Amino acid sequence: MTPPILHVVGARPNFMKAAPVLAASAALGLPQLLVHTGQHYDRAMSAVFFEDLGLQAPDINLGVGSGSQAEQTAAVLLAFDRVLDGRATSLVVVYGDVNSTVAAALSASKRNVPIAHVEAGLRSFDDSMPEEINRRVTDLLSSYHFVTAPEGLVNLEAVGITGPGVHFVGNPMIDSLVNNEARLDRDGARATLGLPDTYAVATIHRPANVDDAAAAARIVAMLTALAAIITVVLPLHPRGRASLARQGLQSTDRLRIIEPLGYVEFLSLVRGARLVVTDSGGLQEETTYLRIPCLTIRPNTERPVTVTLGTNRLTTPEDVPEQAARILTGWSAPATMPPLWDGHAGERIARVLAQIVGSPHAAITT
Ligand code: UD1
């Protein structure tokens, strides 16, 4: 009998990428287990996404919790190694670029278990981001690379990763969006929060934007200036709450600071927004799919297709008010969609997984 595939998730952005892959793999009858590292553990950061996405409950929860970069990575490395110890495993599938991703890949590689990386090849070329290190290391340790955007193929080739293990499959996070689009209730979300017709959604959580006092002060000034021209809703990630508050961030009628939202609730809010201001990775893609203008407060992006084909623009906190004002006075959505953002990436990935683990369904190709 084929040993199970172990899918490893840990943090909020993993869940929407894994859900379509697990569903499509289950449909092919592949043996699989879901491991949650516990990197994110609050209901609003984890359980609510499992419910919204119809993701099966984890078979194993490592409960690692928060810590420094090193502590968190080391905790997953050790805990996942114990999971692999003595357990026949055909493949470990890791998602995205969070600490759980690289740590699980390290554990698996030391146990000689092959690794498949979903969302391989993304690069910001900015090593000050922990995610960039996680991406590079995970790609190097992986035998199978599932690529979501064409630049990923180029980036992998540049580090010598080519050949039959590399599969351009499209974006499974967009699968989750396609699967849930009919549930996005923009009027309901707006009514629940008592918002006017025109509002912006902001999300901020990158260490570079919130961890140090000077950066946090720039963000608070940006949010205050933005709120002077449009009502802003800010579902606030736990990271940075204290440091933004120290710089004077306060909820007002024009700047509504709320708790993090679940998947459907959050995207319903985004669906009805006039614009989005963010430093998130995934939201650059979700706004591209939903054709909502997005201002990304970062000097670079690992998702350049959202800028070249999509709705995204990189900016600084100081430039946000002017850019937002321009969007409000006239903006036209791009007509195209990045290739293979069609809601079927999970199925493509599952068919390759079936080939890898030698399932009878392996005959189907991507
Ligand atoms: C992580 C990812 C980041 C991703 C983000 C999405 C890494 C390196 N970073 O960043 O790529 O965009 O998730 O949310 O893996 N906390 C809670 N409750 C939770 C989880 C975290 O309160 O359920 C707080 C803790 O104070 C913790 C802090 O948030 O120290 C940061 O959490 P952590 O998982 O270390 O990183 P994120 O900033 O969430």
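Reader: What should be kept in mind about the model before its features are discussed?

Author: The model is predicted, with local features requiring pLDDT of at least 70 and side-chain atom pairs counted only at pLDDT 80 or more, whereas totals for chains, interfaces and linings use all residues. Residues are numbered from 1 along each chain as its sequence is written, and side-chain values use heavy atoms, with hydrogens and water left out.

Reader: What makes β8 and β11 paired strands?

Author: Strands are DSSP runs of E with at least two residues, helices are runs of H or I with at least four, and both are numbered from the N terminus; two strands pair if DSSP finds at least two bridges between them. Strand β8 (residues 199-203) and strand β11 (residues 275-278) are joined by 4 bridges and run parallel, so they pair under that criterion. Within this pairing, alanine 200 stands opposite leucine 275, and alanine 202 stands opposite valine 277.

Reader: How do you know that β11 also pairs with β12?

Author: Between β11 and strand β12 (residues 294-296) there are 3 bridges, and the two strands run parallel; valine 276, for instance, has cysteine 294 of β12 as its bridge partner. As a general point, strands of a sheet pair through backbone hydrogen bonds, either parallel or antiparallel.

Reader: Why are β10 and β13 called edge strands?

Author: The open sheet has 6 strands in the order β10-β9-β8-β11-β12-β13, with parallel pairing. The strands β10 (255-258) and β13 (312-314) each pair on one side only. From one strand to the next, the twist averages 20 degrees, where axes are lines fitted to C-alpha atoms, for helices over the stretch in contact, and angles run from 0 to 180 degrees between N-to-C directions.

Reader: What is meant by saying that helix α10 packs on the sheet?

Author: Helix α10 (residues 213-227) touches β8, β9 (231-235), β10 and β11, contact being defined as heavy atoms within 4.5 Å. The direction of α10 makes about 140 degrees with that of β9.

Reader: What makes both faces of β11 count as covered?

Author: A residue is buried under 20% relative accessible area, exposed over 50% and partly exposed in between, using a 1.4 Å probe and protein chains only. In β11, Leu275 and Val277 on one side and Val276 and Thr278 on the other are all buried. Strand β2 (residues 32-36) is likewise described as mostly covered, with 5 of its 5 residues buried; Gln32, Leu34 and His36 lie on one side, and Leu33 and Val35 on the other. The parallel neighbour β1 (residues 5-9) is joined to β2 by 5 bridges, and valine 8 has valine 35 as its bridge partner.

Reader: Why is asparagine 112 called exposed, and why is leucine 340 called partly exposed?

Author: Asparagine 112 has 68% relative accessibility and therefore counts as exposed. Leucine 340, at 29%, therefore counts as partly exposed. Asparagine 112 lies in the loop between α4 (99-110) and β5 (115-120) and has a positive phi of about 60 degrees although it is not a glycine. Leucine 340 is found in the loop between α15 (320-329) and α16, and its phi, near 65 degrees, is a positive value in a residue other than glycine.

Reader: How do you know that the span of α16 is close to the expected one?

Author: The expected span is 1.5 Å times one less than the number of residues. Helix α16 (residues 345-356) has 12 residues, and its reach of 17 Å from first C-alpha to last is close to the expected 16 Å. Glycine 358 follows α16, with a positive phi near 75 degrees.

Reader: Why is histidine 167 called buried?

Author: Histidine 167, located in strand β7 (residues 166-168), has a relative accessible area of 12% and is therefore buried. A polar atom of its side chain lies 3.0 Å from the backbone oxygen of proline 164.

Conventions. A polar contact is a pair of N or O atoms within 3.5 Å; within protein, one must be able to donate a hydrogen and the other to accept it, and residues adjacent in sequence count only if both atoms are side-chain atoms.
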